[in-house]
Amino acid sequence: MSAVLEAKGLSRRFGGLLAVADLSLALRVGELHAVIGPNGAGKSTLVNLLAGELPPTEGTIWLGGADVTGLSVARRAHAGIGRTFQRTNLMLDMTVLENVRLAAQAALVPKRALLRRADRALAPIDAARGALRRVGLAATGEARTLSHGQLRQLEIAVALAGQPRVLLLDEPLAGSGAEDAAPLVALMRDLAREYAVLLVEHDMDVVFAVADIITVMVDGCVLAHGSPGDIRASAVVRDAYLGHSVA
Ligand code: ADP
Ligand code: MG
């Protein structure tokens, strides 16, 4: 299966610190690729490099075979990279639907000129309703009335409204209790059937339950890469990172 998003030799330096060091990875549709590693390992920096938030110091990123390394966040979003943030990026004073509609509208801008006038107002709202249905959220009420878990679902709907091929999810369960986490975990599994999903997550139970592929990062480098079974069995990973947290 060919990769939708591929990165080779990615590095990112912050002054004297190499936050991501010569990292390569491939994301495929139908695959949930988890990136794990201790705090400061470079996981969020990797997501920012892939999304275009940060330029890499070295390396190349391809989306659907095209080099997107020099493209802005907006251009990459149009090209099909959707993401959520470790800290939420929602507008709480607006309605649930409006949050998603704005994202859908931004995604449709280049296509707008092609639409007949009567379709213009309808297209983003239909896309927004579709994205909300997909994540299992009702399209009513203000965003601030949602529970913590529902806000995370809304963030994913915002990303889906951009019509991505790749979804980059940076700790989408952060701060969730078990009750909030269950529907999100089911949603991630479901999304991985249709999109290439990269998931940064620190809860090992979740990672081992949902991931098809796991990359373990330590100090910006790939320490190990493989199936959940491989990673669980890896002595290198256990010694360097998992410690006694995995039975
Ligand atoms: P993780 O998400 O795995 O916890 P990060 O990617 O956030 O790790 O950070 C990796 C390292 O890079 C950390 O040492 C962090 O302090 C540093 N870092 C991240 N972003 C910046 C930045 N914008 N400027 C300087 N240092 C940064
Ligand atoms: Mg992080």
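Begin by selecting helices α6 and α7 (residues 178-191) in this predicted model. The two helices pack at an angle of about 20 degrees, and their axes lie 8 Å apart. Angles under 35 degrees count as roughly parallel, and α6 and α7 are therefore roughly parallel to each other. View the pair along the line between the axes: the crossing of α6 past α7 is right-handed.

Keep α6 (148-161) selected, as this helix is among the elements that give two or more residues to the lining of the largest pocket.

Now select Ala77, Ala103, Val158, Ala159 and Gly162, the lining residues that lie nearest the centre of the pocket. The pocket has a volume of about 710 Å³, and 30 residues line it in total.

Colour the lining by residue class to see 16 nonpolar, eight polar and six charged residues. Finally, colour by domain: at least three lining residues come from domain 1 (1-80 + 166-247), and at least three from domain 2 (91-163).

Conventions: Residues numbered from 1 in each chain as written. Chains lettered and ligands numbered in written order. Predicted model: local features only at pLDDT ≥ 70, side-chain atom pairs only at ≥ 80, totals over all residues. Heavy atoms only, no water. 1 Å grid on protein atoms, 1.4 Å probe; cavity = no way out; pocket = protein on both sides within 12 Å on 5 of 7 lines; lining within 4 Å. Points joined across faces, edges and corners; volume = space filled by probe spheres on them. Helix = DSSP H or I, 4+ residues; strand = E, 2+ residues; numbered from the N terminus. Nonpolar A, V, L, I, M, F, W, Y, C, P; charged D, E, K, R; others polar. Domains from an automatic or database assignment. Axes fitted to C-alpha atoms, helices over the stretch in contact; angles between N-to-C directions. Parallel < 35°, antiparallel > 145°, perpendicular 65-115°, else oblique. Left-handed = near helix turned anticlockwise from the far one by under 90°.
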